[in-house]
Amino acid sequence: MEKQYKAIGEEAWKNNAEKINAELFIFTYGSLVVQLVKDYENYSAVNKQLDKMGYNIGVRMVDDMMARTSLERCTGFSATAEVIAKVGFKLFLNVIPTVANWSADAKEFSLILDDNPLNDFCELPPKAVADGLRYSNVLCGVIRGALEMMQMQTEVEYVRDVLCGDDVSEIRVKLLRMLDEEVPASDD
Amino acid sequence: MASQSQAQAQAQMHAQSLMKLDNKTSKRSNMLLEQNVSRPRRDRVGLGAFAFLFAEIIRYSQNRVLGIQDLEAKLNEIGQRVGVRMFELSMWREKTVHREMRVLQTLVFINTVVWRALFDKQADSLERSTENDDEYMITDNEPAVLKYISVPKEMSSFSPGAFISGIVEAIARCCQCPARVTSHVVPADGLPLRTVILLKFDKEVMDREKRLEAGK
Amino acid sequence: MSSTYYFAIVGTNDSPLYETELGVQRDESKYLNQFIVHAALDLVDDAQFMSTACYLKTVDRYNDWNVSAYVTPSNIRLMLLHEAKADDAIRLFFTDCHELYLKTLLNPFYEPNTPIQSQAFDVKVNTLAKKYLF
């Protein structure tokens, strides 16, 4: 199953994805985060805003991903985890995080981000580390938004971050409940 | 009055302390100074990722400003921080690292090297305005970064290319050719996103050009 | 050979972004060094329109001192006070310092034209000086 998703992701990246210079994307994201810091002057407010923007992105991304792949709507939570890592991340960021640390009840897993393009070139100010800025928090929002489109309500957060001195970056995804078929309203 | 300026000074100090970088050496700071930047470290990313992010940047900015002019100014500002970095980096990767200070050479560099670095192709044209000597136009028939950006009808005068003009404005300033740079959507047959980046160079730049030209 | 160097990075608004004395430290020399470098900036301004090269070689002299300059594409000036002439070594030193500056600039949290206070940067500059200048 894992192999199959990997193949779907690679094939979609190769044949169906339009691409853009990675550095333009990375610098643009950096400029956005700095803009938020200047506008809010408060790192937890920046985290919130990044999460919110990510959510809006995630909600839209699912359809785009479906249109570019041969994926069927996947049902189980564990299959979904694989799709996020091997198709979603591959198609948009051209990296594949590792799915790991499943909880015993299979309702929580982690994405280990060995390679996160957004982090290239970035070193956080000590104040940002102290105040708990999650520089790539947009990713948490994206995952949450995308899962909601797949009828899964989740909590998604960074638990470890290399930019804050941790050895690896780890995003924890926790399934709260399955949703009925309803279209979520976008945050604004 | 005094307390107001005091409050302002405090707010400014607060903002600066937020951004102040560490002076202590860390594994990360060493790694960043040692990484190889002579060539791009990674291949490309999905245009979708950029387009969705850019749409959110526009939406966020829109909620914080009053009019279209302010919105464009905000996108310009976000583009400028990208421009400064992209410029020094693409120059570093040139065969001969050099400086551009003359108006025409600066424009050609933006039109070719910078455009290729950003968008994998040259801009479609570079022209001098027929009406004003100090105005130049860079045209891109289909800017990839604007491809999936839809502008609501009631904002028809809004040009999301303000982000690109921010990049260009920063580079012109880096090259000591400061200019006011604006972006305009000028659709043509089959090219609904055709965008013109208009540079109007500062008077001192044009005066200097004349002096350098005469001194030749 | 025992010698002393003074190295400074100057922003587009003429404010110093970084400075260091390399080699034998001399008391009271800091202000004089700053003064010499500042005075040489005008000469850099004149020289920089004569070519498109970053390395402008020696742009000024003051008593026993030579002032060499290197201008990055975005007009950040790298300035070195030195006694002996050594064009090639100095060019290599400047080029590698330019690369360090570039990597500093790429961090989204570094604002152009603000002081570089990173110790990691300082250590690397000193290592480059040992490699090329002493």
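1. Chain A has a radius of gyration of 16 Å, which agrees with the value near 16 Å that a compact globule of 188 residues would have. The radius is taken over C-alpha atoms, and the globule rule is 2.2 Å times the number of residues to the power 0.38. Along the principal axes, the C-alpha atoms of chain A fill a box of roughly 45 × 35 × 35 Å.

2. This is a predicted model, in which local features need pLDDT of at least 70 and side-chain atom pairs count only at pLDDT 80 or more, while totals for chains, interfaces and linings use all residues. Residues are numbered from 1 along each chain as its sequence is written, and chains are lettered from A and ligands numbered from 1 in the order in which they are written.

3. Chain A holds 6 helices and 5 strands, and its pattern along the sequence is α-β-α-α-α-β-β-α-α-β-β. Helices (H or I, at least four residues) and strands (E, at least two) are DSSP runs, numbered from the N terminus.

4. Chains A and B touch through 37 residues from chain B and 37 residues from chain A; a contact requires C-beta atoms, placed from the backbone, within 7 Å. On the side of chain B that touches chain A, the elements giving two or more residues include helix H1 (2-19), helix H4 (68-92) and helix H5 (103-119) of chain B. H3(B) gives the most, with 9 residues. That side divides into 20 nonpolar, 5 polar and 12 charged residues. Here Ala, Val, Leu, Ile, Met, Phe, Trp, Tyr, Cys and Pro count as nonpolar, Asp, Glu, Lys and Arg as charged, and the others, Gly among them, as polar.

5. Strand E1 (residues 19-20) of chain A pairs with E1(B) in the antiparallel sense over 2 bridges; pairing needs at least two bridges found by DSSP. A:Lys19 stands opposite B:Gly46 in E1(B).

6. In chain C, strand E1 (residues 4-10) and strand E2 (residues 16-23) run antiparallel and are joined by 7 bridges. C:Phe7 has C:Thr20 in E2(C) as its bridge partner. The two strands form a hairpin with 5 residues between them, and C:Asp14 in the turn has a positive phi of about 70 degrees.

7. The axes of helix H2 (residues 87-106) and helix H3 (residues 119-132) of chain C come within 9 Å and cross at roughly 165 degrees. Axes are lines fitted to C-alpha atoms, for helices over the stretch in contact, with angles from 0 to 180 degrees between N-to-C directions. H2(C) is therefore roughly antiparallel to H3(C), a term for angles over 145 degrees. The residues making the contact include C:Leu92 and C:Leu100 of H2(C) and C:Val125 and C:Leu128 of H3(C).

Conventions. Contact = placed C-beta atoms within 7 Å. Parallel < 35°, antiparallel > 145°, perpendicular 65-115°, else oblique.
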